[in-house]
Amino acid sequence: MSTTSDSSHLNDKNQSGSPQSSPHKAGDIQSTEVVKDGTHLNLVEPEDVPEYSTFLSIFFANKKSVDLDAIATTRSVFDDPNLAKYYQPHPQYENLHRFDPSERWTYREERSVRRKTDLKIFLWILVMFFALNIDRGNLGNASADNLLPDLHINTNDYNNAQNMYRIGFLIAEIPSQMIGKRIGPDRWIPIQIILWSLASG
């Protein structure tokens, strides 16, 4: 008698308890159907990363066809209630108010975000690295011309200055990252620009 009641209790718990999942195909992408608050959510299974890949495989890889309005969120440990409790961020986490593992997005939204990232961030990164390489090359071009005689220094002085710059850069790298973590890069990067402008001026 008790065995029957216990089994029926477990069945009721499985029907109304934690999210249930069942594998199925969404297009050519392996996904998992999760039932949450009566809503069926299709989570994408993590793709298998090949052990070996070549540079050309990036351009010739077969793209999988997907429904742009389907859920593109990859299944993670937070979708398993038994594992999620072990991965929750600590109460002092600075972005705790933005942390929402139940957030879902579609392939169309993901593609839109990627395009905006490419245009608004990577384009400026390309321009800044181009300017950085020009700035680095200027010193070599100047030293190949008349920089040393004009400054009344020899090759040893020039090499010592280069070594001092690199050593100072390495020493200041970790403290600079810690300061940026403390006050935020939106404040620390402009401060560095202003301080370097004053030092070089």
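Helix α7 contains 16 residues and reaches 22 Å from its first C-alpha to its last, close to the 22 Å expected at 1.5 Å a residue; the expected span of a helix is 1.5 Å times one less than its number of residues. Of the 16 residues of α7, the number buried is 1, so α7 lies largely in the open. Here buried denotes a relative accessible area under 20%, exposed over 50%, and partly exposed anything in between (1.4 Å probe, protein chains only). The model is a predicted one, in which local features need pLDDT of at least 70 and side-chain atom pairs count only at pLDDT 80 or more, while totals for chains, interfaces and linings use all residues. Residues are numbered from 1 along each chain as its sequence is written, and side-chain values use heavy atoms, with hydrogens and water left out.

The protein has 7 helices and 3 strands, which are DSSP runs numbered from the N terminus (helices: H or I, at least four residues; strands: E, at least two). Read from the N terminus, the order of elements is α-β-β-β-α-α-α-α-α-α. Of the 201 residues in the protein, 12% are buried. Contact is defined as heavy atoms within 4.5 Å; among contacts between residues at least 6 apart in sequence, 45% join residues at least 24 apart.

Two further helices are bent. Helix α4 comprises 38 residues and reaches 53 Å between its first and last C-alpha, close to the 56 Å expected at 1.5 Å a residue. A bend of about 35 degrees occurs in α4 at Asp 118, the bend at a residue being the angle between axes fitted to the seven residues ending there and the seven starting there. Helix α6 (residues 155-183) has 29 residues and reaches 41 Å from first C-alpha to last, close to the 42 Å expected at 1.5 Å a residue. It bends by about 40 degrees at Glu 173, with a proline, Pro 175, following within four residues.

Within α6, the residues Tyr 158, Gln 162, Ser 176 and Gly 180 are buried. The buried residues of α6 pack against α4 (107-144), α5 (147-151) and α7 (185-200). At the start of α6, a side-chain oxygen of Asn 154 comes to within 3.2 Å of the backbone nitrogen of Asn 156. After α6 comes Gly 184, with a positive phi near 95 degrees. Although not a glycine, His 152 has a positive phi of about 60 degrees, and its relative accessibility of 74% makes it exposed.

Pockets were located on a 1 Å grid over the protein atoms alone: a pocket is an open set of points with protein on both sides within 12 Å along at least five of seven lines, whereas a cavity is a set of points where a 1.4 Å probe fits but cannot get out, and lining residues have an atom within 4 Å of a point. Grid points are joined across faces, edges and corners, and a volume is the space filled by probe spheres set on the points. The largest pocket holds about 1,300 Å³ of space. It is lined by 22 residues, of which Tyr 165, Phe 169, Glu 173, Gln 192 and Trp 196 are the closest to its centre. The elements giving two or more residues to this lining are α4, α6 and α7. Helix α6 supplies the largest share, 11 residues.

The loop between α2 (57-60) and α3 (81-84) contains Asp 79. Asp 79 is buried, with a relative accessible area of 16%. Its side chain reaches the backbone nitrogen of Ser 76 at 3.0 Å. Residues up to four places away in sequence not being counted, Asp 79 touches Leu 43, Thr 74 and Arg 104. Phe 78, which also lies in the loop between α2 and α3, is partly exposed at 26% relative accessibility. The C-alpha atoms of Phe 78 and Pro 101 are 6.2 Å apart, although 23 residues separate the two along the chain. Apart from neighbours within four places in sequence, Phe 78 contacts Ala 84, Tyr 87, Gln 88, Phe 99 and Pro 101.

Notes: A polar contact is a pair of N or O atoms within 3.5 Å; within protein, one must be able to donate a hydrogen and the other to accept it, and residues adjacent in sequence count only if both atoms are side-chain atoms.
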